[in-house]
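Subject: Structure handover

Hi,

Here is the structure for you to look over. My notes follow below it.

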Amino acid sequence: MSSAQTHTGATYNADLSTGFELESEDAESWPEPAGLAERCSALPRWVVVANCVAVSVLIWWLALNLSGETSNRFPVGGVADFALASLLLAVTVLASLLAIRLHSVGSLTADRGGHRNRVSGTDAHTPVDPRTGLATRQHVEQRVVETLDAADWDTPPAVLLCEVRRLGAIRDSLGYLAGDEALQLVGRRVESAVAEKGFIGRLEASVLAVVLERCRSDRDAKLVAQTLLDCLAEPLTLSSGHVVSVSGVIGYVSGAEGEDAGQLLSNARSALGEAGRNARRSIAAFDPSAKAAAVARIELEQDLRGALERQELDVHYQPVIDVVRGVADRFEALVRWHHPKRGMVHPAEFLSVAAESELMLDIGEFVLLQAGRQAVQWSVLSNKPVVVSVNIGREQLVGGNLAQGLAVILDQIGLPPSQLEIEFAERVLEGDLDETLLSLQQLNMAGVKLAVDDFGTSQASLVRLQSLSMVSTLKMDRVFVEGVDSGSIDRRIVEAIVHLADSIGMAVVAEGVETAAQASALGELGVRLQQGFYHRRPGPAEDMADLVSGVIDRSDSVTR
Ligand code: C2E
Ligand code: CA
Ligand code: CA
């Protein structure tokens with residue numbers, strides 16, 4: 001092994017088998033001379049201390065005797081002799097302290113690095129994360145550099161990142177140390193499992209990194225990823241006796257020639273993000289298009305942040321037509337974003353980005369205010385109570401008191417609650433229903449109308465309808481409308497939905513009506529409320545003027 005001092009003062013010990021081991025001045029590393037500390041650590045601590053004391057006393061005694069060799073001048077023999085003896089004593093005490101320090105350092109390094117030493121091919125001086133005993137991020141990065149430098153591109157290296165989940169819950173319930181211990185146990189397990197194949201370290205708070213030097217194929221990396229997940233699946237017994245469990249997601253990437261360590265780790269991070277977003281798969285390989293999409297999403301989110309202040313958002317309206325009476329029954333508010341460079345951005349594109357942040361709530365409030373004001377204005381113009389429908393996302397429905405906020409807004413703009421309909425997608429009813437139902441009940445009690453949107457497209461359908469007595473409208477998704485005029489199965493499904501809605505006292509709105517044939521087939525099946533491009537495309541409020549003047553008069557309306 002040879003060593004070289006870098007300009008930063010860090011020491012690289014070059015070793016052909018293990019590559020470079022970085023020993024930096026980082027507080028987490030141990031920069032003392034390797035061999036000496038190691039030798040000190042081999043002795044019990046009391047032997048080192050006793051030895052140091054004995055040597056100090058011996059040297060002082062010798063000094064005293066030398067200074068008074070011919071006579072008994074000392075201690076009265078002269079200040080110079082006394083000073084010399086004391087100086088020797090000070091030097092020996094300092095040497096002893098250094099020996100004791102080296103002993104401690106050697107022991108610590110051996111304790112923390114010893115395990116990795118066995119499994120990862122690093123020496124006892126690997127910089128370790130003091131809380132988990134795993135190699136640090138800095139060391140992982142260094143390892144990736146070395147692995148790329150030494151790569152055989154027929155069997156390229158790979159990096160796997162594993163985000164250990166549920167650590168937050170462990171910390172919340174059992175404390176920080178328990179969380180660290182859980183991560184440490186996971187790390188050890190993973191180390192043992194991939195001992196022959198790779199190097200492991202801690203990249204971020206709860207993200208472990210495994211660097212594989214050689215992979216014959218994507219399958220190799222995937223197999224290791226599966227092994228990691230298996231490690232995580234086993235319960236962990238903490239020193240306190242608590243048994244805890246964690247889970248995880250993994251992203252992995254194979255190195256490509258010419259790529260640097262930063263790119264490789266960034267790609268692995270992107271794959272990890274993809275795995276985290278995907279509810280169905282816990283393992284994701286790096287996908288360049290997914291990374292590009294993620295970058296685009298971040299840019300979109302940044303743009304969206306200022307969009308409200310820059311007044312780039314707008315609300316369009318699409319009427320629901322009562323085909324029997326030939327008038328508009330209500331108007332659905334649909335948000336629009338006039339992006340300065342990209343033109344009109346579709347809500348499906350930007351609302352999913354907004355849903356990942358608090359932006360969804362701001363946008364929701366904006367649409368509600370705009371649509372509410374519009375309903376007031378139209379009601380004055382037509383001298384009839386005009387109803388507007390506003391879409392809301394799951395984020396708005398749970399986690400806050402929507403009904404209360406809404407009541408304040410309605411009061412502020414002077415719109416009676418009965419002139420507002422809230423549409424929520426059927427998929428909102430999937431999963432835990434308690435909070436959703438409570439929120440819906442509060443809205444119902446506040447006097448607003450409720451509609452289930454995209455009905456028939458989620459897993460939640462029929463089974464949960466019975467708990468939705470407060471909902472007055474089913475908006476049948478356009479997938480059923482598409483084939484309703486062709487005598488196919490769609491027609492029978494529409495028929496069944498109409499009967500079902502009728503039996504539980506709900507009105508049906510058919511969405512996405514695009515042709516005259518669909519409109520008349522739906523009419524034959526008793527669907528009098530229809531919405532779609534055939535009747536009217538969504539547009540700005542001004543485009544609805546003709547419909548507003550002939551809007552349905554609710555005093556004798558048959559719709560609920
Ligand atoms: P949605 O609530 O199901 O709205 C209907 C969507 O279908 C609208 O798309 C509308 O333009 C489109 N559409 C209407 N008639 C037809 C038709 O005949 N054929 C076809 N192919 N499409 C038709 P848009 O405006 O792009 O909105 C997409 C989705 O974004 C909406 O689906 C709704 O879920 C959501 N959304 C729109 N505005 C808001 C909003 O303010 N808040 C929330 N939370 N979601 C909104
Ligand atoms: Ca809708
Ligand atoms: Ca819909």
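What spacing do the donors of the calcium ion (ligand 3) follow along the chain? They follow D-D-x56-E. Donors here are N, O and S atoms within 2.8 Å of the metal (3.2 Å for Na, K and Ca), and water is not among the atoms, so sites may look incomplete.

Ground rules, in brief. This is a predicted model: local features need pLDDT of at least 70, side-chain atom pairs count only at pLDDT 80 or more, and totals for chains, interfaces and linings use all residues. Residues are numbered from 1 along each chain as its sequence is written, chains are lettered from A and ligands numbered from 1 in the order in which they are written, and side-chain values use heavy atoms, with hydrogens and water left out.

Calcium ion, ligand 3
The protein donors are Asp 453 (OD), Asp 454 (OD), Glu 511 (OE) and Glu 511 (OE), at 2.1 to 2.6 Å from the ion. Asp 453 sits in strand 16 (residues 449-455), while Glu 511 is in the loop between strand 18 (507-510) and helix 18 (516-524), so this pair ties together parts 58 residues apart in sequence. Helices (H or I, at least four residues) and strands (E, at least two) are DSSP runs, numbered from the N terminus. Asp 453 is buried at 8% relative accessibility, and Glu 511 is buried at 12%. Buried means under 20% relative accessible area, exposed over 50%, and partly exposed in between (1.4 Å probe, protein chains only).

Calcium ion, ligand 2
Its protein donors are Glu 332 (OE), Asn 391 (OD1), Glu 423 (OE) and Asp 453 (OD), lying 2.2 to 2.3 Å away. Their spacing reads E-x58-N-x31-E-x29-D. Distant parts of the chain are linked here too: Glu 332 is in strand 12 and Asn 391 in strand 14, 59 residues apart. Glu 332 is buried, at 5%. Asn 391 is partly exposed, at 27%. Asp 453 bridges the two calcium ions, ligand 2 and ligand 3, which are 4.2 Å apart.

Largest pocket
The largest pocket holds about 1400 Å³ of space. Of its 41 lining residues, Leu 334, Pro 347, Asn 391, Asp 453 and Asp 454 are the closest to its centre. Strand 12 (327-339) gives the most to the lining, with five residues. Elements that each supply at least two residues include helix 10 (347-354), helix 11 (359-382) and strand 16. By class, the lining has 18 nonpolar, 10 polar and 13 charged residues. (Ala, Val, Leu, Ile, Met, Phe, Trp, Tyr, Cys and Pro count as nonpolar, Asp, Glu, Lys and Arg as charged, and the others, Gly among them, as polar.) On a 1 Å grid over the protein atoms alone, a pocket is an open set of points where a 1.4 Å probe fits, with protein on both sides within 12 Å along at least five of seven lines; lining residues have an atom within 4 Å of a point. The volume is the space filled by probe spheres set on the points, with grid points joined across faces, edges and corners.

Backbone
Most residues other than glycine have a negative phi. Asp 454, in strand 16, has a positive phi near 55 degrees. Asp 454 is buried, at 18%. Gln 311 also has a positive phi, about 60 degrees. Gln 311 is in the loop between helix 9 (288-307) and strand 11 (313-322), and is exposed at 71%.

Overall
The chain has 19 helices and 19 strands. Of its 560 residues, 48% are buried.

Best wishes
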